[in-house]
Amino acid sequence: MTTATAPPPTSGTSAKAPSTDRSRAENRLGQKLVAPAILLMLIVTAFPMLRAIYLSVFDYSLTAPDDREVIGLSNYLTALTDPLFWQTTVVTVLYMVVTVAVELVIGFIFAMVMHRVIFARGVIRTSILIPYGIITVVSGFAWQFAFTSTNGFINGWLPFIGDDFNWFGDSTPAVIAIMVSEIWKTTPFMSLLLLAGLAQVSEDMIEAAKVDGATWWQRLGKVILPNMKAAIMVAVLFRALDAYRIFDNIFVMTNGAQKTESISFLTYRQTIEQFQLGMGSALSVLLFLSVLLVAFLIIKLFRVDLAQARQEG
């Protein structure tokens, strides 16, 4: 007697297990719980953005409010054809890429230390997280003092730099000083997110890799990092969006001098210092759209299925 066997699944058949009643109920509950927060965020963020879009089509200055006139997309065309806008965009992207990359490496090292340390764990974790608790403006003033050539200590610590070197006298060293202050301030946040990802890596998988003879680097590349992909994406996403909107450190340390302006700082100049609400609103809309583009690219780059990361898929 022959028994019929089920045909093998075709290549187009999805291997994803069907969702259960419990998972569907949990998803519905989750949607209900986050709905009030999403609604509140839409109310808080939608009105300023719609107002900015409305003002961006006007030639509108607070010094002559009665002379406001509709000019359509002229503010956007002026911004997109101005070399200053693209210069600040390049500087902003440089701030984001360098600071996030350095913070990812240092933050992972800190996360490993906080995860593996077996003595004085509370003291070590608190010490690592202290910089993130300091107000950004205070941190900016502290690092501005540290980088000054008259009474700062950075020049004395670096033997290849003269004691009278002026960090804020040229564009490149000024940008480096701002990056250092940003990295020092926000690396603990990155390490905190990565620590949460490390906690999700199964110790059994690591021990199994040890038994198989895998070196530390092989365990890191084949076990730890792949299982932390979702946490790494969230950490990079949060920090990249925050770094792209950098403002405080620039305002405190250089006030935008020496070509250290970011897009946020350029928007501030147009809106607050020059009272050009129309152009400032157009720049804020462009900033919002560029932030969305950065988030889209990061999500596409990592290609993480968060449902599968939660072991629901």
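## Asn-151

Asn-151 is partly exposed, at a relative accessible area of 45%. Buried means under 20%, exposed over 50% and partly exposed in between, with a 1.4 Å probe and protein chains only. Asn-151 lies in the loop between helix H5 (136-147) and helix H6 (154-157). Helices are DSSP runs of H or I with at least four residues, numbered from the N terminus.

## Basis

This is a predicted model, in which local features need pLDDT of at least 70, side-chain atom pairs count only at pLDDT 80 or more, and totals for chains, interfaces and linings use all residues. Residues are numbered from 1 along each chain as its sequence is written, and side-chain values use heavy atoms, with hydrogens and water left out.

## Helices H3 and H7

The axes of helix H3 (residues 83-116) and helix H7 (residues 171-199) come within 6 Å. They cross at roughly 45°. Axes are lines fitted to C-alpha atoms, for helices over the stretch in contact, and angles run from 0 to 180 degrees between N-to-C directions. H3 and H7 are therefore oblique to each other. Under 35 degrees counts as roughly parallel, over 145 as roughly antiparallel, 65 to 115 as roughly perpendicular and the rest as oblique.

The crossing of H3 and H7 is right-handed: the near helix is turned clockwise from the far one by less than a right angle. The contact of H3 with H7 has 21 nonpolar, 6 polar and 2 charged residues.

## Aromatic pairs

Rings of Phe, Tyr and Trp (its six-membered ring) pair if their centres lie within 6.5 Å; planes under 30 degrees apart are stacked, over 60 edge-to-face and the rest tilted. By this rule there are 15 aromatic pairs. Trp-216 and Trp-217 have ring centres 5.0 Å apart and planes at 85°, so this pair is edge-to-face. Trp-216 is partly exposed at 38%, and Trp-217 is exposed at 66%.

Phe-247 and Tyr-268 also pair edge-to-face, 5.2 Å centre to centre with 65° between the planes. Phe-247 lies in the loop between helix H10 (229-244) and helix H11 (248-253), and Tyr-268 in helix H12 (residues 263-273), so the pair ties together parts that are 21 residues apart in sequence. Phe-247 is partly exposed, at 22% relative accessibility.

## Cluster and charge

One aromatic cluster is formed by Trp-143, Phe-147, Phe-165, Trp-167 and Trp-184.

The charged end of Arg-68 sits over the ring of Phe-58, 4.8 Å from its centre. Arg-68 also has its charged end over the ring of Tyr-60, 4.8 Å from the centre. The rule asks for NZ of Lys or CZ of Arg within 6 Å of the ring centre and within 35 degrees of the ring normal.

Methods
Helix = DSSP H or I, 4+ residues; strand = E, 2+ residues; numbered from the N terminus. Nonpolar A, V, L, I, M, F, W, Y, C, P; charged D, E, K, R; others polar.
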